[in-house]
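I opened this entry to look up strand pairing, a pocket and a helix packing. My notes follow in the order I checked them.

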Amino acid sequence: PLSIDGGRLMSFTRKVRRRNIAGNLNITSMMDMFTILLVFLLKSFAAEGVLITPSEDLEIPVSIGASSPKAGLEVNVGTQKISVHSQVVGQSQEEVKREGMLIPGLLEALKKEKEQNRQIADIAGAEFAQTELIIQGDKKIPYKLLTKVMYTCGQAGFSQQRFVVYLDE
């Protein structure tokens, strides 16, 4: 319908508002929500413990112990070699035959690692905290070799030693 008002033509059509039946999805809010959930789950997962990768040439023993692993310096004791951070510091068979309880190559490597950790703490301005030692030993190594390794680690100043084992369930 049209009407004339003072010589002007006016339209009386109504603006028809259409209802949006489909609705819009706010993807930004959903992405925020998923990001928060992802961060929460990753933080929860990381708080569970430390990832320790067993050496390929070791057959790790099974135990019923249930303490969670902590980060520390890794010492691998296999049937053929002894290593610290994948650097070979001694031969297992030679160390079993050697007189005395001290393993010289292992002692030197551990003291070097300890001094490096102390220097890093000094540079960072933090108090030096004694790192724990994680021993990965093959289940076939002689007891005499294991006691020599533990004694040498103690002489290097690592009094807290932990063993890597598979949990028997």
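I started with V77 and found that its bridge partner in strand 5 is I82. The model is predicted, so I take each value below as computed from it.

I then looked at the strands around that bridge. Strand 4 (residues 72–77) and strand 5 (residues 81–84) pair in the antiparallel sense over three bridges. They form a hairpin, and three residues lie between them.

Strand 5 and strand 6 run antiparallel and are joined by four bridges. This pair is also a hairpin, with two residues between the strands. In the turn, H85 has a positive phi of about 50°.

H85 came up again when I checked the second largest pocket, whose lining includes H85, V84 and Q87. I noted a volume of about 170 Å³ for this pocket. Which elements give two or more residues to its lining? They are strand 6 (87–91) and helix 3. Helix 3 supplies the largest share, six residues. By class, I recorded four nonpolar, four polar and three charged residues in the lining.

Last, I looked up how helix 3 packs. Helix 3 (residues 104–124) meets helix 4 (residues 143–155) at an angle of about 35°, and the axes are 9 Å apart. The crossing is right-handed. Helix 3 makes the contact through L106, L107 and L110, and helix 4 through V149, T152, C153 and Q155. I recorded five of these contact residues as nonpolar, two as polar and none as charged.

Conventions. Residues numbered from 1 in each chain as written. Predicted model: local features only at pLDDT ≥ 70, side-chain atom pairs only at ≥ 80, totals over all residues. Heavy atoms only, no water. Axes fitted to C-alpha atoms, helices over the stretch in contact; angles between N-to-C directions. Left-handed = near helix turned anticlockwise from the far one by under 90°. Contact = heavy atoms within 4.5 Å. Nonpolar A, V, L, I, M, F, W, Y, C, P; charged D, E, K, R; others polar. 1 Å grid on protein atoms, 1.4 Å probe; cavity = no way out; pocket = protein on both sides within 12 Å on 5 of 7 lines; lining within 4 Å. Points joined across faces, edges and corners; volume = space filled by probe spheres on them. Pairing = 2+ DSSP bridges.
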